[in-house]
Amino acid sequence: MKGNAKEAIVRASIHLFNVNGYHGTSIRDIAKKAKVNPANIAYYFDSKHGLLEHCFTIFFERYVTEIENGYGFLEQGAAISLKKIVENIMIYQFENIHLTRLILREISLDSQIVREIMSTYLMKERFFINKVIERGMKEKEFRHTTPDYITLQLKGLLNMPFLNTHYVNEVLHVRPNERYFAEKYIIEVNKWIDGVLCQSEYERAYLAVN
């Protein structure tokens with residue numbers, strides 16, 4: 001029962017933080033939604049801030065693991081590795097859409113917890129993606145580019161559907177909570193990788209003789 005109570009608190013907080021915002025949600029609101037005593041929240045998480053920190057941790061621990069798993073394909077080629085990273089992140093975010101929306105929104109704000117996340121998890125993200133891009137350029141699989149700017153563009157592509165779900169739903173009439181969307185979107189991001197990063201056959205042939 002203790003484990004169930006903790007999980008219920010996390011699920012309730014993710015829902016309420018999404019609907020009402022972090023500052024618009026009280027401990028009492030979370031306890032009511034989770035059907036637990038407010039004291040349980042203090043017991044497991046110390047405070048509402050501790051609960052938000054827990055949400056960040058559970059999201060980014062798995063997020064970085066998915067990137068590392070994609071990085072493990074680097075010996076098969078930089079494009080293969082980067083596309084695997086994209087696939088892993090998209091599927092993970094799709095399967096955890098409410099948590100993803102919460103984290104992406106909160107991380108856009110300047111706070112102590114966000115600075116801590118950036119100095120740990122997001123620096124790891126940058127390290128692995130940059131390594132893949134640098135390897136691709138070294139092996140002449142990728143065009144010469146600036147890794148940090150490519151990372152910025154890539155993150156924009158991966159985050160946009162989950163940061164702008166109302167626009168995606170109401171204007172584009174696309175459903176980011178459907179698996180079809182994730183599968184289709186992965187294909188489109190891969191086209192971006194092929195078109196922006198990967199050298200064409202002509203480019204490779206030209207470099208081979210020059």
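This is a predicted model: local features need pLDDT of at least 70, side-chain atom pairs count only at pLDDT 80 or more; totals for chains, interfaces and linings use all residues.
Phe181 and Tyr185 lie four residues apart in helix α10 (residues 179-197), and are therefore separated by about one helical turn.

**Aromatic rings**
- Searching the whole structure gives 12 aromatic pairs.
- In the pair formed by Phe181 and Tyr185, the ring centres are 5.3 Å apart and the planes meet at 20°, so the pair counts as stacked, and both Phe181 and Tyr185 are buried.
- One aromatic cluster is formed by Phe56, Phe59, Phe60, Tyr63, Tyr92 and Tyr121.

**Packing of α4 and α7**
- Helix α4 (residues 48-71) packs with helix α7 (residues 112-138) at an angle of about 5°, the two axes being 10 Å apart.
- Because angles under 35 degrees count as roughly parallel, α4 is roughly parallel to α7.
- On the α4 side the contact is made by residues including His49, Leu52, Phe56, Phe60, Tyr63, Val64, Ile67 and Tyr71, while the residues contributed by α7 include Ile113, Val114, Ile117, Tyr121, Leu122, Phe128 and Val132.
- Charged residues also take part, among them Glu53, Glu61 and Glu68 of α4 and Lys124, Glu125 and Lys131 of α7.
- Sorted by class, the contact of α4 with α7 comprises 14 nonpolar, two polar and six charged residues.

**Cysteines**
- Zero disulfides are found in a search of the whole structure.
- Cys55 has a relative accessibility of 0% and therefore counts as buried.
- Cys198, with a relative accessible area of 12%, is buried, since the cut-off for that class is under 20%.

Key: Residues are numbered from 1 along each chain as its sequence is written. Side-chain values use heavy atoms; hydrogens and water are left out. Axes are lines fitted to C-alpha atoms, for helices over the stretch in contact, and angles run from 0 to 180 degrees between N-to-C directions. Helices (H or I, at least four residues) and strands (E, at least two) are DSSP runs, numbered from the N terminus. Angles under 35 degrees count as roughly parallel, over 145 as roughly antiparallel, 65 to 115 as roughly perpendicular and the rest as oblique. Contact means heavy atoms within 4.5 Å. A disulfide is a pair of cysteine sulfur atoms within 2.5 Å. Buried means under 20% relative accessible area, exposed over 50%, partly exposed in between (1.4 Å probe, protein chains only). Rings of Phe, Tyr and Trp (its six-membered ring) pair if their centres lie within 6.5 Å; planes under 30 degrees apart count as stacked, over 60 as edge-to-face and the rest as tilted.
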